[in-house]
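Colleague: Could you walk me through this model? I have some questions ready.

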Amino acid sequence: MAYKSLLSLALLAVTAAALDVFDNSTEIIGKRSIPNGEGTNNGYFYSVYSDSSVTGTYTNGAGGEYTLTWGGSGDVVVGKGWNPGGPMSVEYSGTYAPNGNSYLSVYGWMTSPLVEYYITESFGTYNPSTGGTHLGTCTSDGGVYDIYTQTRTNAPSISGTATFQQYWSIRQTHRVGGTVTTGNHYACWESVGLPLGTFNYMILATEGYSSSGTSTITVGQGTGTGSSAPTGPSSTTSTPGSVPTGGSVAEWGQCGGIGYSGPTACASPFTCTVINSYYSQCL
C-alpha cells in the first residue's frame, strides 16, 4: 500500500447481486460504497475494498478460505477474520503470488486511540517499512519482526477522515503459512511506546497496490499463546525461560481477556497481569 491507508478505498463489490451471494461463490470486482463491503461468511467476518480501476474476482470459500485475483491500478484489500479482533493465535495457509506491490498481513483497526495495524508475513516488490520509523524488533512464532510506525494525516479510516498512527510488524523472513500470535505483537508494540486501543475488525488480508496477482488463503484460530516479547524500546528481545511448576502459562503468555478461552493459571513465579480489557499476560 506504500503506506497509503488500506481504507483510502472504495468498495470491491458484487456486480448486480446482494452481498450474501458471496457465500461460496465468485464475483466480479466492481464498485460499491464501503459499508456494503463487510459481512459474515461461514462463521468468519470478511472485508472487501478497492479503489480506482482495480479489476479481478473475489471468492468466499468454505470455512476461512478466500481467493483473490487482481490487476489494474489502485488499491485492493480483501480478507477473512474476526470482528472484533484481538489477542489470538491466527493460523493460516495457502498460496500467494503477487506481481508488484502487495502485502500479506494480519490487518486490523483499533479505536481510542485510532490505529491501523499490520503484522506482515510476506510482501512483493515494495518494502512497507519505507518511510516509517523503526522502533525495535519482536520475536514471535519462530521469526523476527521489525517494528515500524508512521502517522497518517487527514486520511480515510474506519472513523472517517482522521489523523492516526499505523503500527507495523514486518517479518524479516517471508513466509506464506503458519501461526501469528497477535497478542505477542500487541505486547511488543506497547513495550516500545505504542499504546493499544479497543479492537475493531481483524483479517488475514491480501492487498495489492497498482499490481496484479493471485492469492488463496485459509484462516482459522488456534490455541497457542506464542513465545516472546521485547523488554523495552530497543532491538533487543527477551524470550521466556523454562516453565516452573504451578501453572500452565509461561512468562509472556496470554492468560486472560475478552474472548480468550485458554488457560489462565501462570507458571510460578509469574502473575496474570491485565494489559487491557482484551489481553492479560503472565509477567
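Predicted model: local features only at pLDDT ≥ 70, side-chain atom pairs only at ≥ 80, totals over all residues.

Colleague: How many bridges join β5 to β6?

Modeller: Strands here are DSSP runs of E with at least two residues, helices are runs of H or I with at least four, and both are numbered from the N terminus. Two strands pair if DSSP finds at least two bridges between them. T57 stands opposite T69 in β6. Strand β5 (residues 54-60) and strand β6 (residues 65-72) run antiparallel, and the number of bridges joining them is seven.

Colleague: Which residues does the UniProt annotation "active site" cover, and are they buried or exposed?

Modeller: The annotation comes from an unreviewed UniProt entry and covers E116 and E207; such positions are given in the numbering used here, with feature names shortened, and annotations may be inferred rather than shown by experiment. The two are spread over 92 residues of sequence but cluster in space, with a largest C-alpha distance of 14.2 Å. E116 lies in strand β10 (residues 115-123), and E207 in strand β15 (residues 198-209). With buried meaning under 20% relative accessible area, exposed over 50% and partly exposed in between (1.4 Å probe, protein chains only), E116 at 0% and E207 at 2% are buried.

Colleague: What is the handedness of the disulfide of C138 and C188?

Modeller: A disulfide is counted when a pair of cysteine sulfur atoms lies within 2.5 Å, and C138 and C188 have an S to S distance of 2.1 Å. C138 lies in strand β11 (residues 133-140) and C188 in helix α1 (residues 182-191), so the pair ties together parts 50 residues apart in sequence. The torsion about the S-S bond is about 65 degrees, so the disulfide is right-handed.

Colleague: Which residue forms a salt bridge with R175?

Modeller: The rule asks for a side-chain nitrogen of Lys or Arg within 4 Å of a carboxyl oxygen of Asp or Glu, and the count comes to one salt bridge. R175 is buried at 16% relative accessibility. Its closest N and O atoms to the partner are 2.4 Å apart, and that partner is E121.

How values were computed: Residues numbered from 1 in each chain as written. Heavy atoms only, no water.
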